[in-house]
Amino acid sequence: MSIAEETTTATLTERESDLLSRVPDGLYIDGRWEAGTRDPIEVIDPATGRVIKRIANATPEDGIRALDAADAAAEAWAASPPRTRAEILRKAFDLLQERRDDFALLMTLEMGKPLAEANGEVTYGGEFLRWFSEEAVRIGGRYGQNPEGTGTMVVSQRPVGPCFLITPWNFPLAMATRKIAPALAAGCTVVVKPAELTPLTTLFFAKLLEDAGVPAGVVNVIQTSTSSTVSGPIIADPRLRKLSFTGSTPVGQRLIAQAAQNVLRTSMELGGNAPFVVFEDADVDKAVEGAMLAKFRNIGQACTAANRFIVHESVAEEFAEKVTARVNALRLGPGTEEGVTIGPLIDAKAVASMVELVGDAVSRGARVLTGGNAPEGDGFFFEPTVIVDVQPGSTILAEEIFGPVLAITTFATEDEGVARANETEYGLVGYVFTEDLARGQRMIDRIATGMMGLNTGLVSNAAAPFGGIKQSGLGREGGAEGIHEYLSTKYTLIPA
């Protein structure tokens, strides 16, 4: 046993060690677990900074073998009865409920979120399995006479073919289920590349899918430390027909350019810079409640996290005072500890980013009401923070924060508030708080985002279409729209 392994073992409880021992450490290709041929990936617990497991590390050749398996399984899976696919997905949902404690603890160990939030992700992620198990048997079409009366038009939906799914680190279960479930429901086979930082949940989920009856080759998982070199050959292969990615906008832009060479279907859920607009007629207590959900869920590490709090000048002081009191009540610590509400950030770079963003805002005239520091000691922690008087030009207003920092700026008129909200190249989600029904209706039209929460700080739901506009992405995940991302439309004319 290496020194690192000894140190790791000493920091884990018996239950944690047992769970990690049951998580596969190989690549999952064509229904088999395979050892890697290169130096392993070391998965770090962000609460301690220590290695908790070493797993196989895919090469470009492994990636192509995974695509080989997906391509070989594609015809049979596409021809399988929709009810068969539906029942497998429903079985996966049931198994996830049985194993929810294991999945929640695993996510907390590899990503850092508090156990209560990890349990919430199990619920949320499971709903994509249940939802798309129901959608699998509802893939429809059209049949009818053409306007000229010279024939019958048949419009049908077919699976697009093998898919490459690239998932992020911040919601390791839900982002996997949100992509895998509709693909399987539509009759597509998949190659999944989880984030290097949090691959364990995806591997554990692949084992669950195997137990649920997913045939060999339908789902393949290839974690790697060299994403671009493994992804490039897969995307360039003409057998691939669909690319789905969740992550940063710059990476998404590069992937879109690569996908264009073979004119791949693409779904891109990219960066965000969500405005949280509080009007003068808002219920401030309701807005504060929404702010805590929209900002501090997942330690602020969510593309849907509120990024810019744009508060009417008449209620800004009250809002700041009340939200600061709530933030002061949050408890910072390892997500496995009872009562912790803010866990660690994902890595040291994330902490450095928080320090830089807050420092820049303060240098331009902002004031820190609470937090603002990275505590000394093990792990990657940053205090939950509230800053006010954030000035135009501050980096924190332009960049996605991805951490527990709530930044407040003010406005005077509705037009100014809307202009501030839309002053970004991103357009994923926005939040608006107003008790004026007519104003709320206007905001639905005026706020330039793909999603909006009106008097709520939480919008995500498996039954709703998730996605953005502008540089926040293409396509939708979830809802009735989600399965159509994995279907192609075919029109047939039958002469009269």
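The lining of the largest cavity comprises six nonpolar, two polar and two charged residues (nonpolar: Ala, Val, Leu, Ile, Met, Phe, Trp, Tyr, Cys and Pro; charged: Asp, Glu, Lys and Arg; polar: the others, Gly among them). The model is predicted, with local features needing pLDDT of at least 70, side-chain atom pairs pLDDT 80 or more, and totals for chains, interfaces and linings using all residues. Residues are numbered from 1 along each chain as its sequence is written, and side-chain values use heavy atoms, without hydrogens and water.

Tyr124, Phe171, Met175, Arg178, Arg297, Ala302, Cys303, Thr304, Ser460 and Phe466 line this cavity (a set of points on a 1 Å grid over the protein atoms alone where a 1.4 Å probe fits but cannot get out; lining residues have an atom within 4 Å of a point). Its volume is about 70 Å³ (the space filled by probe spheres set on points joined across faces, edges and corners). The structure holds four cavities of 30 Å³ or more.

The largest pocket holds about 1,300 Å³ (a pocket is an open set with protein on both sides within 12 Å along at least five of seven lines). Of its 43 lining residues, Trp169, Phe245, Gly247, Ser248 and Val251 are closest to the centre. Helix α10 (249-260) supplies the largest share of the lining, six residues (helices are DSSP runs of H or I, at least four residues, and strands of E, at least two, numbered from the N terminus). By class, 21 lining residues are nonpolar, 14 polar and eight charged.

The second largest pocket has a volume of about 350 Å³. Its lining has 18 residues; Glu117, Leu293, Phe296, Arg297 and Asn298 lie nearest the centre.
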